[in-house]
Amino acid sequence: MNDNPRRTLYDASGAHLSEVMVGEPAYRIKQMWSGLYEQFQEVDQITTLSTALRQRLNEELPTSLKLVRESVSDKGDTIKFLWQLADGNHPIETVLMHYADRVTVCVSTQAGCAMACGFCATGQAGFNRQLTVGEIVEQVVRAARHAKQRKQRVANIVFMGMGEPLANEPAVWGAVERIHGDMGISARHITISTVGVVPGIRTLATRPLPVNLAVSLHAARDDLRNDLVPINKRYPINELMSACRDYLREKHRRISFEWAMIAGVNDTARDASELAKLALSLKPTAHVNLIPLNPTPGFATRGTDMAGVRRFADRLSDRGVNATVRRNRGTDIDAACGQLAAGQPVVLKAR
Ligand code: SAH
């Protein structure tokens, strides 16, 4: 673990940067800040700063992510970055997705994940450590730099990469403030996805910006959810729903439920009816995002086929619940939901 996380380039606050740039006029510090967070430049590209100053900045505030591999899919529209953290042996991944009308970055919040959802490759591989604010922010900056080469601007940030964002809420919130305040991506275009860490949802409700909340539900009754999403044993569905209701009261932002569709497990008429009931119990009604299950090494059960996914979506809409089917991107490069393991071996569990 980095014992002084502020001593990296993207962990440094404006005040900290001023300390390192002591003796420089205020406008130079502004140029540096805008070079980093508006232009997505590397320190050496900010040529309004003297060579000596750039050298000092590089020495005193090193970056955190070393690019190991860039994988490309969807005819170049999906790019997965594999990074090595500065302390050596923890790999993490970030996914950049170009759509016709927008560019989205999916960021990791932890190296690994402790939540142990059996169908998720990150959960299968286990937890290494928390990411710092700078390690999260740098993923966005590096992806934005890449998008800029195609003359595109990042419009959406989803905290849906490796890790459980609300098990690392303070760092995630620090990153949200930087992304919103300095990179100019509005909180309405930032989505935090949680497995259902109730205290984290409650903390998020006290934060000042209206970010979107997505809840990985996957099952709408406790016995099945205990099996699919083990944290449900600690925070069962009624507590989760109560936290969602309180979040809505504070934020007035529609919540979405994510539902990975697993053949014969959570795709029946009964599941649709239970899910609809929970979605309708929130005001406004929760939006449902159906995710065709992506294959992972440690989970043998297949995903629901497309006809089944459609049927399930129709059942929800018959009950007045809007559901969309998430387009899976980068399945061939293991960049899709639940496939990010950063090359870590997974622990196989008998099912
Ligand atoms: N830990 C957070 C962030 C991960 S977001 C969370 O659980 O919400 C990634 C989304 O993809 C979550 O909804 C997750 O449950 C889902 N997912 C995990 N494995 C998947 C898989 N194999 N196929 C489809 N979706 C998956």
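Tutor: Ground rules before we start: the model is predicted, so local features need pLDDT of at least 70 and side-chain atom pairs count only at pLDDT 80 or more, while totals for chains, interfaces and linings use all residues. Residues are numbered from 1 along each chain as its sequence is written, and side-chain values use heavy atoms, with hydrogens and water left out.

Student: Why are α7 and α9 called roughly parallel to each other?

Tutor: Helix α7 (residues 198–206) and helix α9 (residues 237–251) pack at an angle of about 10°. Angles under 35 degrees count as roughly parallel, over 145 as roughly antiparallel, 65 to 115 as roughly perpendicular and the rest as oblique. That makes α7 and α9 roughly parallel. Their axes, lines fitted to C-alpha atoms over the stretch in contact, with angles from 0 to 180 degrees between N-to-C directions, are 9 Å apart.

Student: Which residues in α7 meet α9?

Tutor: Contact means heavy atoms within 4.5 Å. Val198, Ile201, Arg202, Leu204 and Ala205 are the ones in α7, and their counterparts in α9 include Leu240, Ala243 and Tyr247.

Student: What makes Tyr10 and Tyr37 an edge-to-face pair?

Tutor: Rings of Phe, Tyr and Trp (its six-membered ring) pair if their centres lie within 6.5 Å; planes under 30 degrees apart count as stacked, over 60 as edge-to-face and the rest as tilted. A search of the whole structure finds five aromatic pairs. For Tyr10 and Tyr37 the centres are 5.9 Å apart and the planes at 80°, so the pair is edge-to-face. Tyr10 lies in the segment before α1 and Tyr37 in helix α2, so the pair ties together parts that are 27 residues apart in sequence. Ring pairs also link Tyr10, Trp33 and Tyr37 into a cluster.

Student: How do you know whether Tyr10 and Tyr37 are buried or exposed?

Tutor: Buried means under 20% relative accessible area, exposed over 50%, partly exposed in between (1.4 Å probe, protein chains only). Tyr10 has 1% relative accessibility and counts as buried; Tyr37, at 0%, counts as buried too.

Student: And what makes Phe119 and Phe299 a pair, and of which kind?

Tutor: Their ring centres are 6.2 Å apart and their planes at 75°, so this pair is edge-to-face. The two lie 180 residues apart, Phe119 in the loop between β5 and α4, Phe299 in the loop between β11 and α11. Phe119 counts as buried at 10% relative accessibility, and Phe299 is buried at 8%.

Student: How do you know that β1 and β2 pair?

Tutor: Two strands pair if DSSP finds at least two bridges between them. Eight bridges join β1 to β2, and the two run antiparallel. Ser73 stands opposite Thr78 in β2.

Student: What is the overall sheet like?

Tutor: It's an open sheet of 10 strands, and the pairing is mixed. β1 and β12 are the edge strands, since each pairs on one side only.

Methods. Helix = DSSP H or I, 4+ residues; strand = E, 2+ residues; numbered from the N terminus.
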